[in-house]
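Trainee: Could we go through this fold together, one question at a time?

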Amino acid sequence: MTIPDLDDLIAEVDRTCATAHRPGGQEQPDWLALLATAADLAGRLQALADDLVEDYVEHCRMHGCSWADIGTALGVTRQAVQQRFHAPHKRYGPETMSEELRQAMTHVKRAAVQHRNNYIGTEHLLWGLTAEDNSATRLLSAADASPETLHRAVGDRLSMGASQAAERIAWTPYSRKAIALAEELSEEAGSAHIECDHLLLGLARIGRGVAAAVLDEAGLSAETLSAAANPAGDQATYAP
């Protein structure tokens with residue numbers, strides 16, 4: 001992939017800043033508006049970079065690397081890397097998931113193993129959620145979307161890796177955020193378990209990652225799916 005250079009980023013700021021060029025033909029643009037847009041873009045790039053490093057720190061820890069070795073690889077002290085990354089990620093065992101979601105997760109893991117991926121990304125989650133009938137596919141149907149079409153679309157995004165350690169697969173930062181959002185939704189709904197539709201909504205709400213891109217291309221925003229789930233604000237149009 002090609003990393004954008006500074007000229008590319010400046011052009012993106014100029015293109016996306018809605019108030020950069022003041023009306024009336026004034027020669028000077030709104031420099032403060034451009035600065036705010038540049039800061040926002042820099043923040044999103046930094047967040048993406050942080051997520052990338054966090055993902056590989058997670059893999060290093062799973063495969064037995066010490067904090068000292070990780071610190072050396074990152075050019076910082078063991079104490080510094082522990083302080084930044086040591087907070088444990090919450091684990092979601094089968095007991096936290098509904099029977100439908102547990103079944104979907106077998107498809108998720110199978111997709112990762114078959115593609116020799118040592119991670120579970122949002123693409124694997126969406127592929128698993130659309131593999132067979134469940135509350136996620138029923139929600140998609142309620143939103144006038146075809147689960148089968150989405151399944152094929154996200155399947156085209158699954159890429160073959162080279163991992164030989166399929167028994168130790170880490171969730172990516174976006175996938176962890178998606179299931180954390182799903183847990184919040186299940187609690188708000190008073191559900192004893194995380195359901196497939198909760199995870200689908202979580203994938204849409206993070207707005208980043210392969211799954212979000214596939215949903216966006218299908219015209220399925222978080223707002224669209226939420227409206228399909230609760231058209232009257234109090235009950236869904238599909239069978240949970």
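This is a predicted model: local features need pLDDT of at least 70, side-chain atom pairs count only at pLDDT 80 or more; totals for chains, interfaces and linings use all residues.

Trainee: Happy to start with the overview. How many helices and strands are there in the chain?

Mentor: Follow the chain from the N terminus and the elements run α-α-α-α-α-β-α-α-α-β-α-α-α-α. Counting by type, the chain has 12 helices and 2 strands.

Trainee: Which percentage of the contacts with a separation of 6 or more is between residues 24 or more positions apart?

Mentor: Let me begin with burial: the chain has 240 residues, and 40% of them count as buried. As for contacts in the chain with a separation of 6 or more, the share from residues 24 or more positions apart is 66%.

Trainee: Now helix α6, please. How many of its residues are buried?

Mentor: Helix α6 spans residues 122-129. The buried residues in α6 are T122, E123, H124, L125, L126, W127, G128 and L129. That leaves α6 mostly covered, with a buried count of 8 of its 8 residues.

Trainee: Are α6 and α8 roughly parallel or antiparallel to each other?

Mentor: Helix α8 covers residues 147-155, and its axis lies 9 Å from that of α6, at an angle of about 150°. Angles over 145 degrees count as roughly antiparallel. So the relation of α6 to α8 is roughly antiparallel.

Trainee: Which residues of α8 make the contact with α6?

Mentor: The crossing of these two helices, α6 and α8, is left-handed. On the α6 side, the contact is made by E123, L126 and W127, and on the α8 side by H151, V154 and G155.

Trainee: And is R138 buried or exposed?

Mentor: R138 sits in helix α7, residues 135-142. Its side chain has a polar contact of 3.0 Å with the side chain of D133. Buried means under 20% relative accessible area. Because R138 has 17% relative accessibility, R138 counts as buried.

Trainee: One more pair: how many residues of the contact of α10 with α12 are nonpolar?

Mentor: Helix α10 (residues 196-206) and helix α12 (residues 222-229) cross at roughly 150°, and their axes come within 8 Å. That angle is why α10 is roughly antiparallel to α12. From α10, L200, L201, A204 and R205 meet A222, L225 and S226 in α12. Sorted by type, the contact has 1 charged residue, 1 polar residue and, to give your number, 5 nonpolar.

Conventions
Residues are numbered from 1 along each chain as its sequence is written. Side-chain values use heavy atoms; hydrogens and water are left out. Helices (H or I, at least four residues) and strands (E, at least two) are DSSP runs, numbered from the N terminus. Buried means under 20% relative accessible area, exposed over 50%, partly exposed in between (1.4 Å probe, protein chains only). A polar contact is a pair of N or O atoms within 3.5 Å; within protein, one must be able to donate a hydrogen and the other to accept it, and residues adjacent in sequence count only if both atoms are side-chain atoms. Axes are lines fitted to C-alpha atoms, for helices over the stretch in contact, and angles run from 0 to 180 degrees between N-to-C directions. Angles under 35 degrees count as roughly parallel, over 145 as roughly antiparallel, 65 to 115 as roughly perpendicular and the rest as oblique. A crossing is left-handed if the near helix is turned anticlockwise from the far one by less than a right angle, and right-handed if clockwise. Contact means heavy atoms within 4.5 Å. Ala, Val, Leu, Ile, Met, Phe, Trp, Tyr, Cys and Pro count as nonpolar, Asp, Glu, Lys and Arg as charged, and the others, Gly among them, as polar.
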